[in-house]
Amino acid sequence: MKLDHPRAHRSACLKITLTLLAIWFVVSCCGGILFRDWLDANMPSIGSAPFGFWIAQQGSIITFVLILIVYAVLMNRLDNKHGYTEEN
Amino acid sequence: MTQGLLNGIFIGLTFAVYIVIAFRSRAGSTKEYYTAGGGVSPLANGMATAADWMSAATFISMAGVVAISGYDASRFLMGWTGGFVLLTVLMVPYLRKFNKATVPDFVGDRYYSRVARGVAVICAIFICMTYIMGQMRGVGVVFSQLFGIGIPAGVLIGATIVFFYAGLGGMKGITYTQVAQYCVMAFAYTIPAIYIAMAMTGNVIPQLGLIGNYTVGSESIPFLEKLNNINTELGFQEYTSGKMSTINMFCITAALMCGTAGLPHVIVRFFTVKNVKSVRKSACWTLGFIAVIYLTAPTIGAFARVNLIEKLHNTSYAEAPDWFKSFENTGQMAWVDKNGDGAIQYFGAGKSDAGTNAVFQGKGPTYPTYDAQENQRIGPQGQRLLANKADTSNPNELYFGNDIMVMANPYMAGLPMWVIALLMAGCIAAALSTAAGLLLVLSTSISHDLMKKIINPNLSDKEEVKYARMASFAALVVAVYFGINPPSAFIAKTVAFAFGLAASSFFPTLLMGIFSKRMNREGGIAGMIGGIVFTSGYIVYFQFLGGTADQYLFGITPEGIGFIGMLINFAVAFAVSSFTPPPPQYVQEMVESIHIPNGAGETK
């Protein structure tokens with residue numbers, strides 16, 4: 001286990017990165033652009049805004065901020081687990 | 001107290017703060033000059049990066065673009081924020097670990113090649129230069145409006161201030177000044193939005209107002225429905241649906257996102273914090289601070305559009321509000337009384353068969369010279385007459401520039417004078433902070449990457465900083481020249497270049513350099529050249545050589561072609577690298593090591 005540190009860390013890190021990027025892509029590109037017409041028609045409005053429109057102008061930006069927060073938390077946890085902790 | 005005096009006080013006060021900060025935190029060494037010594041706190045760096053990222057154009061024009069194109073403007077909103085996600089999870093933690101001061105440094109070392117470094121330096125210089133010209137122009141325009149001086153004088157004043165703290169203070173001085181500038185910008189942007197949201201929707205939070213009800217007078221209908229009704233009634237596209245094709249919208253958004261993740265002046269900001277952990281934290285703060293402004297921009301755009309139409313459409317010129325006349329005087333709004341009824345009418349392209357709503361012929365308004373006869377300058381209602389011929393193919397009579405939406409918004413809503421003064425200070429903060437950040441990266445590229453790494457490796461630390469200061473002075477002279485004599489059509493077009501280049505050269509090259517151990521010098525260089533040649537060829541053909549819209553590849557406009565250029569870069573790089581020998585052992589070990597997050601230490 002000790003020997004495999006860098007590799008285990010790297011693959012776990014890759015998994016976090018790819019998962020978050022998948023969310024990033026689905027929300028912004030799919031939700032805000034590619035399938036927005038369908039979403040506008042079939043999803044409940046946010047307040048008075050059509051769903052896809054709201055995702056494109058507000059929701060996606062909020063999601064981006066959340067993604068970065070989750071990334072920072074998960075990566076710091078991963079670093080600690082593998083003994084790469086650093087002082088602030 | 002007059003508005004002018006109040007503006008002067010606000011701007012004077014903020015300037016005094018900037019200068020004091022810059023002086024107190026001026027740089028002593030090369031390390032401090034380039035990366036503030038690597039010891040800036042994540043929160044401070046986040047604010048500074050946000051201020052750096054939001055240029056005068058973002059601050060002033062973005063809400064205007066949203067107001068005019070509604071849903072279609074989401075490409076900017078998503079593109080310029082979504083790019084930070086890519087930047088944070090794919091780039092900066094690894095580049096920070098690599099531990100060099102600039103982006104060309106990484107490219108040069110990772111691809112063990114002076115050619116690669118050279119290409120990277122040229123791209124970096126080009127991208128920064130494109131940006132900084134627009135910033136200087138922006139500073140000049142704001143100053144000239146404020147103090148009633150000519151634009152050249154305004155540009156010169158702005159340049160002197162920027163040189164004072166960017167050239168002398170280095171990254172350290174700039175970073176702390178930008179923290180102050182971000183605060184000014186954030187208040188200047190959100191306070192007017194809050195006032196207007198309360199007036200129009202009864203909601204204190206503008207973002208809730210946007211999705212809430214329009215409550216002026218006796219009516220109470222969903223705000224966006226109101227906006228859609230107004231738009232379609234006047235012959236515009238429905239506000240919440242766009243008229244751009246989905247594929248084009250997708251490509252432009254993707255190009256802006258990848259371009260953002262490859263912009264050298266944004267990447268270096270993350271070299272100023274202490275370690276990889278702080279980089280991640282700092283990126284959260286940065287995007288959080290940017291989101292404050294980007295979430296407000298669509299609300300300002302939507303409110304401003306309703307306000308503008310309610311206040312001006314079908315209003316007779318004699319009763320038009322004062323602010324309309326003052327914007328008329330500065331040439332940012334114009335009225336051509338096509339039907340001679342003395343009232344202002346505003347219509348979209350849907351109201352005529354010609355498919356346009358141009359008020360006059362030609363690109364921008366031009367005016368008769370001051371020695372022209374009075375009846376050529378002033379119309380029967382007292383309006384300012386244009387030298388342009390009216391475009392009689394459609395009924396629209398109102399012209400306004402995109403830029404005025406943010407500036408005019410507080411006037412339209414009748415906000416107190418101090419809010420307007422704050423907004424002016426915010427505009428200047430936006431322009432100055434971006435110009436200063438760019439100037440620094442530009443001078444670093446020249447002194448560090450070009451002078452030290454390529455031309456004369458024996459340069460001492462002291463000489464390097466001297467060169468950096470000289471380079472920033474030279475760059476500023478060029479920027480001032482173009483700020484005073486803007487190749488105006490040229491600047492707007494070159495912005496597509498900056499993002500296209502960043503997306504098609506830096507982004508894929510850095511990404512492969514970080515994540516692929518097998519990627520070698522030949523592949524990296526071939527990919528970069530392939531991406532750049534394709535992207536710039538496409539842009540040059542359509543922007544400068546007169547290519548027409550029906551020749552677009554899959555209907556993608558030059559703004560979005562960087563995305564295709566990026567795919568080409570990846571493809572070429574992988575193809576070439578699979579036929580050429582793998583990179584030397586030490587480079588492979590280097591790639592391994594940048595994935596281990598600790599031990600980043602101080603930047604060298």
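I count Lys and Arg as positive and Asp and Glu as negative, leaving out His and the chain ends. On that basis I looked up the charges of chain B: the mean positions of its 38 positive and 31 negative charges lie 14 Å apart. I note that the model is predicted.

**Overall form.** I found 22 helices and six strands in chain B. Its radius of gyration is 25 Å, close to the 25 Å that the globule rule gives for 604 residues, so chain B is as compact as a globular protein of that length. I read the span of the C-alpha trace along the principal axes as about 80 × 55 × 50 Å.

**Surface and contacts.** I noted that 61% of the 604 residues of chain B count as buried. The accessible surface of the chain comes to about 21,300 Å², and carbon and sulfur atoms hold 63% of this. Among contacts in chain B with a separation of 6 or more, I found that 81% join residues 24 or more positions apart.

**Helix α20.** I looked up residues 521-543 of chain B, which form a helix of 23 residues. From first C-alpha to last, helix α20 reaches 32 Å, close to the 33 Å expected at 1.5 Å a residue. Its buried residues include Gly527(B), Met528(B), Gly531(B) and Ile532(B).

**Ala431(B).** I located this residue in helix α17, residues 417-455 of chain B. Is Ala431(B) buried or exposed? With a relative accessible area of 1%, Ala431(B) falls under the 20% cut-off and is therefore buried. Beyond its neighbours within four places in sequence, I found Ala431(B) in contact with Ala56(B), Gln135(B) and Val139(B). Ala16(B) is 415 residues from Ala431(B) in sequence and 17 Å from it in space, C-alpha to C-alpha.

Terms used: Residues numbered from 1 in each chain as written. Chains lettered and ligands numbered in written order. Predicted model: local features only at pLDDT ≥ 70, side-chain atom pairs only at ≥ 80, totals over all residues. Heavy atoms only, no water. Helix = DSSP H or I, 4+ residues; strand = E, 2+ residues; numbered from the N terminus. Rg over C-alpha atoms; globule rule 2.2 N^0.38 Å. Buried < 20%, exposed > 50% of the residue type's maximum accessible area, 1.4 Å probe, protein only. Contact = heavy atoms within 4.5 Å. Areas by Shrake-Rupley, 256 points an atom, 1.4 Å probe, with all protein chains shown as cover. Charge placed at Lys NZ, Arg CZ, Asp CG, Glu CD. Expected span 1.5 Å × (residues − 1).
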